[in-house]
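Please read the following report alongside the sequence and the model.

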Amino acid sequence: MAKAQRVVTDSMIGLKLPDFARHSDRVATVLGQNPGPFTGPGTNTYIVGRGRRPVLLDTGAGVPVYQDLLPHALGEVSPGGRLERIVCTHAHADHIGGVPQVYRCFGELEVLKKPWPGKDEVAHAAITAIEDGAMVEAEGVTLRAIHTPGHAPDHLCYYLEEERALFTGDVVLGAGTTVIPDDTGDLGQYMESLRRLLELDLALIYPAHGPVIRNPRQKIEEYIAHRELRERQVLEALAGGAPLEPMQIVKRIYVDVPEFLHAAASNSVRSHLKKLRNEGRVTEHESRWSLS
Ligand SMILES: [Zn+2]
């Protein structure tokens, strides 16, 4: 009997989260104050660690009110404490764009991430390069970097060993699905990244957008099923034989998605088409696509 297919049907739109939330004695969120259709309630920045020298995981986009929230949150988590360093998941502006603002609060700190030349400049900071497998330690916490390209080529997730928890950045979100940009993203790599995350012993996920995920395995499987379903739908749309533009495919298969998101959906369809082209399954004729 065929296994029932679960797919992602929820959405970031209208979701609210508190400005500050303590999740455990090692992890707290400070909301980046940058809400929107793709960021949901805003970027979750995480204070990670016990004691007086925790690390900040992602910085948000540099929205002014965050500059007041962060020191207040740090005072709650670690009275009299200071940030040890900044650790980033990837170079998108809503993750590293807040580095100068954090510097204004606390002075210059080391910024750890996997380099992405040409994109890291948005941090206006020297980057300390780390790669897959790097261990980042602070009091009471050990973070292991896991290279998870696809959403962005530099993307690192961080596995918090003491909680069997994963900071997934933009690879897995607390609601809705992530965007795979058709220029700098790679859907084939993204699917491999998701499958790699399934190999971890996971108790929960701390995503960069949306609430904490307490069913990590199921969520990752849903993400994989969702993309597999979209891929089948793209292939079915092309099975009629006529070459189609990405937006024509969107109009056929994104019937459940509001129209203002169709441009983003078209980006996603192009990512599917590029993956299928790399696999030799579809062919591009100028801006139209057909089965190979
Ligand atoms: Zn991103």
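The account below begins with the basis of the model and then turns to the metal site.

This is a predicted model, in which local features need pLDDT of at least 70 and side-chain atom pairs count only at pLDDT 80 or more, while totals for chains, interfaces and linings use all residues. Residues are numbered from 1 along each chain as its sequence is written, and side-chain values use heavy atoms, with hydrogens and water left out.

**Zinc site**

The zinc ion is coordinated by His90 (NE2), His92 (ND1), His151 (NE2) and Asp170 (OD), at 2.1 to 2.2 Å; donors are N, O and S atoms within 2.8 Å of the metal (3.2 Å for Na, K and Ca), and since water is not among the atoms, sites may look incomplete. The 4 donor atoms subtend angles of 91 to 170 degrees around the zinc ion, and the arrangement is therefore irregular. His92, in the loop between strand 5 (86-87) and helix 2 (93-96), and His151, in the loop between strand 9 (141-147) and strand 10 (156-160), are 59 residues apart and link distant parts of the chain; helices (H or I, at least four residues) and strands (E, at least two) are DSSP runs numbered from the N terminus. Both His92 and His151 are buried, where buried means under 20% relative accessible area, exposed over 50% and partly exposed in between (1.4 Å probe, protein chains only).

An open sheet of mixed pairing is formed by 5 strands in the order 8-9-10-11-12, two strands being paired if DSSP finds at least two bridges between them. Strand 8 (135-138) and strand 12 (204-207) each have a single partner strand, so one side of each is left without a neighbour in the sheet. Two of the pairings are set out here.

| Strands | Sense | Bridges | Facing residues |
|---|---|---|---|
| 8 and 9 | antiparallel | 4 bridges | Val136 and Leu143 |
| 11 and 12 | parallel | 4 bridges | Leu166 and Ile205 |

From strand 12, Leu204 and Tyr206 point one way and Ile205 and Pro207 the other way, and all are buried.

**Arg85**

Arg85 counts as buried because its relative accessibility is 17%. A polar atom of the Arg85 side chain lies 3.3 Å from the backbone oxygen of Glu137.

Definitions and conventions
Four donors count as tetrahedral if all angles lie between 85 and 135 degrees; four count as square planar and six as octahedral if opposite donors are over 155 degrees apart and all others between 65 and 115; anything else is irregular. A polar contact is a pair of N or O atoms within 3.5 Å; within protein, one must be able to donate a hydrogen and the other to accept it, and residues adjacent in sequence count only if both atoms are side-chain atoms.
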